[in-house]
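The following note sets out, point by point, what may be read from the structure below. Please consult the sequence and the model alongside each paragraph.

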Amino acid sequence: MSRNEMSKATPLLSVKGLVKHFPVGKSLFSAGTAVRAVDGLDFNVMRGETLGIVGESGCGKSTVARLVMHLMGVTQGEILFEAKRVGSNDLSLREFRRQVQMVFQDSYASLNPRLTVESSIAFGPQVHGVTRKEAVEKAHDLLARVGLEPSRFAGRYPHELSGGQRQRVNIARALAFDPKLLILDEAVSALDKSVEAQVLNLLLDLKEALNLTYVFISHDLDVVRFISDRVLVMYLGRVAELGPAEAVLGQPTHPYTQALLASVPTMDPDHRTTEAPLAGDPPNPINPPSGCRFNPRCRYAESLCSAREPQLQGIAAGHSAACHIAIPGSGHSRARAALETA
Amino acid sequence: MTMTMEKAPVATASDQMVRVRNLRVGFRTSHGVVQAVNGVDLDLARGETLAILGESGSGKSVTMRALIRLNPEHVTSVAGDIRVAGEDVSALDAVALQDFRGLVASMIFQDPGLALDPVYRVGDQIAETVVRHKGLSRAEGRKKALELFERVRIPSPERRLDAYPHELSGGMRQRAMIALALSCDPQLLLADEPTTALDATVQIQILLLLRELQRDLGLSIIFVTHDIGVAVEVADRIAVMYAGRIVETGPSAALIRNPRHPYTIGLLSTRQHGGKLAGHRLPAIPGSPPDLAHLPPGCAFAPRCTFAESRCTVIDPDAVIIDAGHSARCLRTDATAGAMAGR
């Protein structure tokens with residue numbers, strides 16, 4: 001019982017002060033500069049939940065996925081899995097990789113074109129010492145689980161499958177180690193809408209049946225809202241807003257979250273969008289604006305916003321936003337006075 | 001009006017921009033003929049915006065490319081009657097086709113990186129097009145390019161004329177491509193998923209720009225997309241394609257509120273309407289789209305259709321008129337009425 005409670009309180013995954021800079025233009029004669037893809041990110045993923053990460057291209061969401069998977073080294077910061085530092089004596093990288101698996105957007109590029117579906121799924125476990133026979137048996141179980149009849153699909157090659165079927169294979173392969181955490185990086189974005197719905201339903205079924213935890217990265221707010229318990233909105237390598245999905249996407253606090261939601265095409269032909277919520281493209285993460293990174297595109301920006309960077313401020317239970325408006329007494333004309341804090 | 005317009009046959013009404021009858025497009029491949037478009041009728045009035053909505057492989061892009069004969073001719077067989085601005089597109093010779101593309105109809109694509117030449121400055125590419133098609137001088141061409149850049153709202157247009165495509169952001173490249181497409185004052189703009197690769201906040205800007213250009217220049221637009229929301233934002237009318245056929249077409253509002261083809265109903269139902277209930281699942285369309293090299297007999301959607309009866313796998317349904325301008329190719333339109341109400 002006490003162990004159960006503890007595992008509930010400890011986040012499954014904990015990311016602290018994560019920073020990733022990619023050097024660019026470095027040469028013999030110039031020091032070069034850096035793409036600040038992820039620039040100080042903190043978040044937890046609780047056991048059994050789905051954390052959605054949304055943001056535009058270049059906001060660093062895929063870099064976060066790759067950092068968490070240890071597909072690349074961090075510039076700074078810490079990644080803890082079940083409160084253990086990955087790569088330490090408590091948790092080797094090899095062991096960590098068995099518990100955390102990833103599904104990518106490009107279902108075709110993710111599979112070896114010369115391996116049959118069953119070999120692809122069985123490959124990982126064999127590397128980790130499982131016999132071929134056991135691994136293949138497990139592969140057949142997993143194929144059935146993701147809705148692909150093993151007798152029909154096990155011997156097929158990736159090019160003989162549709163996009164949706166291939167993505168099911170990728171999901172089956174990710175499950176071959178009985179992982180605790182799945183990182184889904186735009187995993188349904190390349191699929192047609194009718195197939196996307198099937199795969200989303202499959203992900204929900206698998207999560208329930210196997211007690212999985214998801215980090216679901218996507219640019220599609222509708223999809224994120226559907227599948228996530230909590231949502232993290234990223235802007236230029238930092239957290240703009242974080243909280244329960246219904247709060248963040250239902251009553252967004254950060255002007256960027258509001259703009260993202262308002263940019264989604266309407267389904268009402270009588271009330272079409274008349275004004276674009278934001279002008280211009282997302283800025284370049286090489287030279288992020290000073291102060292609040294969103295201030296050059298923000299309709300509420302004041303001089304304060306370019307001078308000082310807002311920290312994440314709690315708004316309601318588990319809901320926080322990095323905006324001066326949300327910080328009582330920040331000095332922003334729309335912020336409440338400090339005393340009023342309820 | 002251009003020369004081509006004056007010789008337009010009187011057979012088509014002058015307010016009609018596009019008239020396509022029984023278009024069939026097949027591609028010869030090593031696996032046999034892939035029948036990408038399977039009897040499409042299409043009408044577009046002047047100044048109207050039509051969205052063709054469909055999933056990958058539905059034939060939406062192939063249909064649009066056929067309007068300016070952009071499908072690779074040596075492997076493509078095209079049958080049917082295609083008229084754009086009164087012109088019989090299949091009858092154009094090589095020279096006439098070159099003038100037709102650009103002056104009558106022009107096209108923008110999903111990836112401006114492929115449509116713009118990477119080794120020329122964007123301003124020069126536009127100027128060259130104008131010089132070639134309109135017979136203007138180089139300086140006039142440059143002036144026209146600047147005008148167009150202002151028109152499509154590229155910030156600091158003068159400076160951006162001298163930029164190479166890779167120096168522009170994604171949204172700006174898309175604007176530059178729109179400027180290039182409009183450089184010869186076409187009457188018809190064909191847009192093939194022009195916002196699909198863009199971020200949401202940029203996509204809505206481009207959609208609004210296209211709507212504004214349509215209004216100000218009186219353009220006719222055909223907009224191909226897989227996103228219903230995008231179609232609603234830009235189009236007056238929507239045509240839904242499945243397996244090479246238009247299965248339902250109608251005014252945007254009618255199609256969204258009263259969809260009658262089971263495929264349209266399915267597409268609208270799979271949209272995630274916010275709030276998740278515990279244990280809630282999306283109403284997904286089962287199965288996957290058919291193989292275009294081996295289309296099933298009867299209605300191509302029947303194998304995935306929850307309304308299908310045995311006759312659906314035998315009879316290829318004709319269009320059933322639902323309302324003015326709204327029709328669906330389905331044998332069971334009586335059963336699909338009000339199907340969205342319960343969703």
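1. In this predicted model, strand S10 of chain A (residues 238–244) pairs with strand S12 of chain A (residues 319–321) in the antiparallel sense, over 2 bridges. Within S12(A), the residue that stands opposite A:Leu242 is A:Ser320. In general, the strands of a sheet pair through backbone hydrogen bonds, either parallel or antiparallel.

2. S10(A) and S12(A) belong to an open sheet of 8 strands in chain A, whose order is S6-S7-S8-S3-S9-S10-S12-S11 and whose pairing is mixed. The edges are held by strand S6 (100–103) and strand S11 (313–316) of chain A; each has a single partner strand, so one side of each is left without a neighbour in the sheet. On average, neighbouring strands of this sheet are turned by 20° against each other, direction ignored.

3. Two helices of chain A lie across strands of this chain. Helix H2 of chain A (residues 61–68) lies across strand S3 (50–54), S6, strand S7 (181–185), strand S8 (213–218) and strand S9 (230–235), and runs at about 150° to S7(A). Helix H7 of chain A (residues 163–174) lies across S6 and S7 of chain A, with an angle of about 170° to S6(A).

4. H7(A) also packs with helix H4 of chain A (residues 117–127), at an angle of about 25° and with the two axes 8 Å apart. That angle makes H4(A) roughly parallel to H7(A). The crossing of H4(A) past H7(A) is right-handed. H4(A) contributes A:Val117, A:Ser120, A:Ile121 and A:Gly124 to the contact, while H7(A) contributes A:Val169, A:Ala172 and A:Arg173. Sorted by class, the residues in the contact of H4(A) with H7(A) are 4 nonpolar, 2 polar and 1 charged.

5. Chain B also has an open sheet of 8 strands, with mixed pairing and the order S6-S7-S8-S3-S9-S10-S12-S11. Strand S6 (105–108) and strand S11 (319–323) of chain B stand at its edges, and each has a single partner strand, so one side of each lacks a neighbour in the sheet. From one strand to the next, the twist averages 20°.

6. Inside the chain B sheet, strand S3 (residues 49–53) and strand S9 (residues 237–242) of chain B pair in the parallel sense over 4 bridges. B:Ala51 has B:Ile238 as its bridge partner in S9(B). Helix H8 of chain B (residues 170–182) packs on the sheet, where it touches S6 and strand S7 (188–192) of chain B; the direction of H8(B) makes about 170° with that of S6(B).

7. Is helix H2 of chain B (residues 60–67) mostly covered or mostly uncovered? H2(B) is mostly covered, with 8 of its 8 residues buried. Among them are the charged residues B:Lys60 and B:Arg65, together with B:Val62, B:Met64 and B:Leu67. Just after H2(B), B:Arg69 adopts a positive phi of about 50°.

8. How many residues does each chain bring to the contact between the chains? Chain A brings 35 residues and chain B brings 37 residues. On the side of chain A that touches chain B, helix H8 (193–210), helix H9 (221–227) and helix H11 (255–262) of chain A each supply at least two residues. H8(A) gives the most to this side, with 8 residues. The residues of chain A on this side comprise 16 nonpolar, 10 polar and 9 charged.

Definitions and conventions:
Residues are numbered from 1 along each chain as its sequence is written. Chains are lettered from A and ligands numbered from 1 in the order in which they are written. This is a predicted model: local features need pLDDT of at least 70, side-chain atom pairs count only at pLDDT 80 or more; totals for chains, interfaces and linings use all residues. Two residues are in contact if their C-beta atoms, placed from the backbone, lie within 7 Å. Two strands pair if DSSP finds at least two bridges between them. Axes are lines fitted to C-alpha atoms, for helices over the stretch in contact, and angles run from 0 to 180 degrees between N-to-C directions. A residue is buried if 20 or more other C-beta atoms lie within 10 Å of its own, exposed if 12 or fewer, and partly exposed in between; C-beta atoms are placed from the backbone. Angles under 35 degrees count as roughly parallel, over 145 as roughly antiparallel, 65 to 115 as roughly perpendicular and the rest as oblique. A crossing is left-handed if the near helix is turned anticlockwise from the far one by less than a right angle, and right-handed if clockwise.
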